[in-house]
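Here are my notes on this one, point by point. Have the structure open while you read.

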Amino acid sequence: MTVRLARRTLLAGTAALAAARTMATRPAQAEAATAPVGALERVVAAQAPTTPTGLTLSADGRMFLFMPRFDEQTVFTAGEVFPDGRVVPYPSEAMNRPDPARPAETLFHVPNGVFDAKNRLWLLDAGLMASSGEPVPGAAKLVCIDPATNAILRTIPLQSVVTKTSSLNDLRVDVRPGREAVYITDQGQTGAGALIAVDLASGRAVRRLADHASTQSVPGILKIVEGRVLLKREADGTTSPIKGGANGIALSPDGARLYYTPLMSRRLYAVETAALLDAGKDDAAVAETVTDLGEKGLTGGLAADSRDRIYLSLQEFNGIGRRDPDGRVEVIATDPRLIWPDTFWITADGWLYLSSAQANRRPEHNGGIDRQEPPYAIFRMRIDAGPA
């Protein structure tokens, strides 16, 4: 009953909300021009139905959140945010109802979505019905949407590159001439991660570095968030360690290198994108192009700017870090309201957006008790660069 009531409430007035989709979620341009570099501000308190791990903005300022289907109570997994904080299913309520009989046409578990340089929205669907379990056959996919019409432009199946324990997590899209590709992280439900490269010209997807140390969860990592060790905590008091392979992902400005890191690892890695896409290279050859870029702290999301600096969501410090090309890492912002900072998005006019997902407060980390406190804050910061 609770879920049905929630769905009716969220969908009330859908027709009226649809007419308002063209409203920008960001403040007036005049305010943006006077904001100092480095100042962190809350943009909106999003009334998302559950943990919003993913965030992206269109070229005209529309904001979208993505809420993985951690459990069957998730009302919808992809939504658009309005200036007053309302979040409505996107591209429709019907598409957000997962249907195993129509796996390619409905959304199951969307951890993230991004806009490409052509202002098309790409959704990553992991195809899960909960936080664990085998992906529904045919449900793992990429979905490309035209935000002007909200129409589906293309669907690319990923069934051939997921495993029974896959948990697809994040993506980056490169549509420069001669190299149209999507890169995806699979963190794995058991911590056995991998990278996935999709050639958009052919639709060919390949699973890479599945057995490489750079994509695997590191045993013994201690992660402390809001003053508490992060563990899986059952209602009976038993605990188990968190496992998470390849998670955060970013693309260099020239598209030549993909940056990535496991969720449970303190190290940052890079790999050559040409090698990921080269059908003639085996995994050993791809591994030869991997570079260990060193310590960067425990993070979730990554983003690269036009100066090839990498932004780090420092969940242990409720903060934002930044790694310079020379390897220097600094903390550029902290705020107690940044509870589990997760996904970044950088806009063309020099704003760094960031979601505060509160994932550490979910029931699976708190003995079955949901300690999340909606609404979920979305922050932004002025930076002295544009997106990569």
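1. Start with Arg-208, which is buried at a relative accessible area of 4%. In this predicted model, its side chain meets that of Asp-283 in a salt bridge, 3.9 Å from N to O. The pair links distant parts of the chain, with Asp-283 in helix H5 (residues 283-287) and Arg-208 in strand S13, 75 residues apart. Asp-283 is partly exposed, at 30%.

2. Where does S13 sit in its sheet? Strand S13 (205-208) is an edge strand, as is S10 (168-176), and each pairs on one side only. The sheet is open, with four antiparallel strands in the order S10-S11-S12-S13. Four bridges join S13 to S12 (residues 194-199), and Val-206 of S13 is the bridge partner of Ala-197.

3. The whole structure has 26 salt bridges. One of them joins Arg-62 and Glu-80, with the closest N and O atoms 2.9 Å apart. Arg-62 is in the loop between strands S2 and S3 and Glu-80 is in strand S4, so the pair ties together parts 18 residues apart in sequence. Both residues are buried.

4. Have a look at Glu-316 and Arg-266 too: their salt bridge has its closest N and O atoms 3.6 Å apart. Glu-316 is buried at 17%, whereas Arg-266 is partly exposed at 29%. There is also a salt-bridge network linking Asp-305, Arg-307, Arg-309 and Asp-384.

5. Last, Phe-379 in strand S28 (residues 376-382). Phe-379 counts as buried because its relative accessibility is 0%. Val-43 is 336 residues away in sequence, yet the C-alpha atoms are 5.3 Å apart. Contacts of Phe-379 include Leu-40, Val-43, Leu-338 and Tyr-353.

Methods: Residues are numbered from 1 along each chain as its sequence is written. This is a predicted model: local features need pLDDT of at least 70, side-chain atom pairs count only at pLDDT 80 or more; totals for chains, interfaces and linings use all residues. Side-chain values use heavy atoms; hydrogens and water are left out. Two strands pair if DSSP finds at least two bridges between them. Helices (H or I, at least four residues) and strands (E, at least two) are DSSP runs, numbered from the N terminus. Buried means under 20% relative accessible area, exposed over 50%, partly exposed in between (1.4 Å probe, protein chains only). Contact means heavy atoms within 4.5 Å. A salt bridge is a side-chain nitrogen of Lys or Arg within 4 Å of a carboxyl oxygen of Asp or Glu. Lists of a residue's contacts leave out its neighbours within four places in sequence.
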